[in-house]
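I opened a new page for a structure I had not looked at before. These are my notes, in the order I made them.

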Amino acid sequence: MNTIDNENLLWQVTQFIWHEAAILDAKEYDAWLDLWQPEGLYIIPIEDVDDYAAVLNLCYDDDKMRRDRIKRFQDGFSISSAPPAVTVRTLSRFVIDALDGNTVVVSCAEHLVEDKFGRQRIWAANVRYTLTSTDTGFRLQEKVVRLLNSDGVLNSFSYLF
């Protein structure tokens, strides 16, 4: 792939990731679920490993778990989401790490500011997206959110990163 195509691809995946962030900040969870491939995985690991299935994770959500998590958010059955936090995400430092056919792997940095009960918290993470290009645009195949303090003391969070 030539440089012009890479620059265009970087712009396209950046737009997709910014769109996902806007959806999450707006709590449009059904729209967020629509961004996923059915076999996709949403992972927030504790350890710095690559075999997430073999270790304990903060999140290791397949399609069913993503939908269950969203249902709890929407129905108010998640104690951590009552009331829901207001969030603002900023994503930057986009890099295409790999490209293979219709699959692109992109990494970026994320800062998430949460406001709840008049208190603000800041989270920072390195995020890796594995995206599949389809006829209707990109779809999430895997999203791995490596929180900077994932092995430290974490209070509950009532949103998705």
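**Entry 1**

I began with Ala22, which lies in helix H1. For helices I went by DSSP runs of H or I with at least four residues, for strands by runs of E with at least two, both numbered from the N terminus. Before going on, I noted that this is a predicted model, where local features need pLDDT of at least 70, side-chain atom pairs count only at pLDDT 80 or more, and totals for chains, interfaces and linings use all residues. Residues are numbered from 1 along each chain as its sequence is written, and side-chain values use heavy atoms, with hydrogens and water left out.

My scale calls a residue buried under 20% relative accessible area, exposed over 50% and partly exposed in between, with a 1.4 Å probe and protein chains only. I also looked up Ala22 against Thr87: they are 65 residues apart in sequence, and their C-alpha atoms are 9.8 Å apart in space.

Next I went to Lys27, in the loop between H1 and helix H2 (29–34). Its phi is near 60 degrees, which is positive in a residue other than glycine. Lys27 is partly exposed, at 28% relative accessible area.

**Entry 2: rings**

How many aromatic pairs does the structure hold? I found six. Rings of Phe, Tyr and Trp (its six-membered ring) pair if their centres lie within 6.5 Å; planes under 30 degrees apart are stacked, over 60 edge-to-face, and the rest tilted.

I looked up Phe16 and Phe138: the ring centres are 6.0 Å apart and the planes stand at 65 degrees, so this pair is edge-to-face. Phe16 belongs to helix H1 (residues 3–25) and Phe138 to strand S6 (residues 137–147), so the pair ties together parts 122 residues apart in sequence. Phe16 is buried, with a relative accessible area of 10%, and Phe138 is buried with 11%.

Trp32 and Trp36 came next: their ring centres are 5.5 Å apart and their planes are at 75 degrees, so I wrote this pair down as edge-to-face. Both Trp32 and Trp36 are buried. The charged end of Arg66 sits over the ring of Trp36, 4.1 Å from its centre. That label needs NZ of Lys or CZ of Arg within 6 Å of the ring centre and within 35 degrees of the ring normal. I also noted one aromatic cluster formed by Trp11, Trp18 and Phe94.

**Entry 3: the sheet**

What order do the six strands of the open sheet have? I read S2-S1-S6-S5-S4-S3, with mixed pairing. Two strands pair if DSSP finds at least two bridges between them. Strand S2 (57–61) and strand S3 (86–100) are the edge strands, each pairing on one side only. From one strand to the next, the twist averages 20 degrees.

At one end of that order, four bridges join strand S1 (residues 36–45) to S2, and the two run antiparallel. I took axes as lines fitted to C-alpha atoms, for helices over the stretch in contact, with angles from 0 to 180 degrees between N-to-C directions. Contact means heavy atoms within 4.5 Å.

Lys71 is found in helix H3. Lys71 is partly exposed, with a relative accessible area of 48%. Lys71 and Tyr29 are 42 residues apart in sequence but 9.0 Å apart in space, C-alpha to C-alpha.

**Entry 4: the S3–S4 hairpin**

I then turned to S3 and S4, which run antiparallel and are joined by 12 bridges. They form a hairpin with two residues between them, and Gly101 in the turn has a positive phi of about 65 degrees. Thr87 stands opposite Glu114 in S4. Arg93 lies in strand S3, and its phi is near 60 degrees, again positive in a residue other than glycine.

My last stop was Ser107, in strand S4 (residues 103–116). Which side chain does Ser107 join in a polar contact? The partner is Asp97, at 2.9 Å. A polar contact is a pair of N or O atoms within 3.5 Å; within protein, one must be able to donate a hydrogen and the other to accept it, and residues adjacent in sequence count only if both atoms are side-chain atoms. Leaving aside neighbours within four places in sequence, Ser107 is in contact with Arg93, Phe94, Val95, Asp97, Val127 and Arg128.
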